[in-house]
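Trainee: I'd like to go through this one with you and ask where the labels come from.

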Amino acid sequence: MGRYDRQLLEFTDEEQGRIRRARVGIVGCGGLGSYVVTSLAVAGIGGLTIIDPDVPDITNLNRQFIYCRHVLSGETPRPKAELMAEWIRSINPDVSVDYHVGRFDAETCGLFDGCDIMVDCLDSISSRQFLNEYSVRTGKPMVHGGISGFTAEMCTVVPGQTPCLRCILGDMPDSAKPPASIGSVVMFAGSLEATEVLKLVAGRPDDSRGTFFSYDLSNGRVTPVRFKRDPACPVCGHALKR
Ligand SMILES: [Zn+2]
């Protein structure tokens, strides 16, 4: 019997091999990041590169479950990225983990050059826009996720094939206050993101990529919105003219 027997009822050995060889970049070690890395690590992802500038505090614990033990014990605060790397190794020592304490920006994005796919686990729109630019520039697919109250959202960007996040979200400013965060909704959004990553690295086709999905869990409504690439998009628009 093997650790992955049950998922090998869905994935072929070849697909599981692709999962084992993939390295995924996780930008943000908050609530979304907690659920994404957990789902990918137990699925046998090959490597995770993670980045976050913060240390956890008590207000994180309704969703960022991997820090509960550290915050509640009163130990000297340590960076989320370091604690998350320890968590990943504890649940699957076969995963190769690189962690970085800092923001994902022009200085640090090169640390992700070895990644095949990027996952947006951020909570600020300006950081997301930079991640989107990095994804388009490097040609790496990016899975976006977000939450607000009972609403979870998810979209997969494949540069050159789908609209980018700027085509979809436009040039939105950051909101003044953080969104309402319910742990179970964050878990749902993180699960959607992780499932997209597994499908992408396994090589499964899916013509819904580029569609922006909004799930209102207060009433069960799912709203898929299919966007077109914007030829005037300042991030991916020039690629249309080539
Ligand atoms: Zn675009």
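This is a predicted model: local features need pLDDT of at least 70, side-chain atom pairs count only at pLDDT 80 or more; totals for chains, interfaces and linings use all residues.

Trainee: Why is strand S5 called largely enclosed?

Mentor: Buried means 20 or more other C-beta atoms within 10 Å of a residue's own (exposed is 12 or fewer, partly exposed in between; C-beta atoms are placed from the backbone). Six of the seven residues of S5 (residues 142-148) pass, so the rest of the structure largely encloses this strand. Strands are DSSP runs of E, at least two residues, and helices are runs of H or I, at least four, numbered from the N terminus.

Trainee: How do you know that S5 pairs with S4 and S6?

Mentor: Pairing takes at least two DSSP bridges. S4 (residues 117-120) has three to S5, running parallel, with Asp120 opposite His144. S6 (residues 151-157) has seven, antiparallel, and there Glu153 partners Gly146. So both pairs qualify.

Trainee: What makes the 64-residue set a nonpolar core?

Mentor: The term covers buried Ala, Val, Leu, Ile, Met, Phe, Trp, Tyr and Cys residues joined through C-beta atoms within 7 Å. The largest such set here has 64 residues, and Leu40 and Val24 are among those with the most contacts inside it. Helix H7 (residues 183-202) gives the largest share, ten residues.

Terms used. Residues are numbered from 1 along each chain as its sequence is written.
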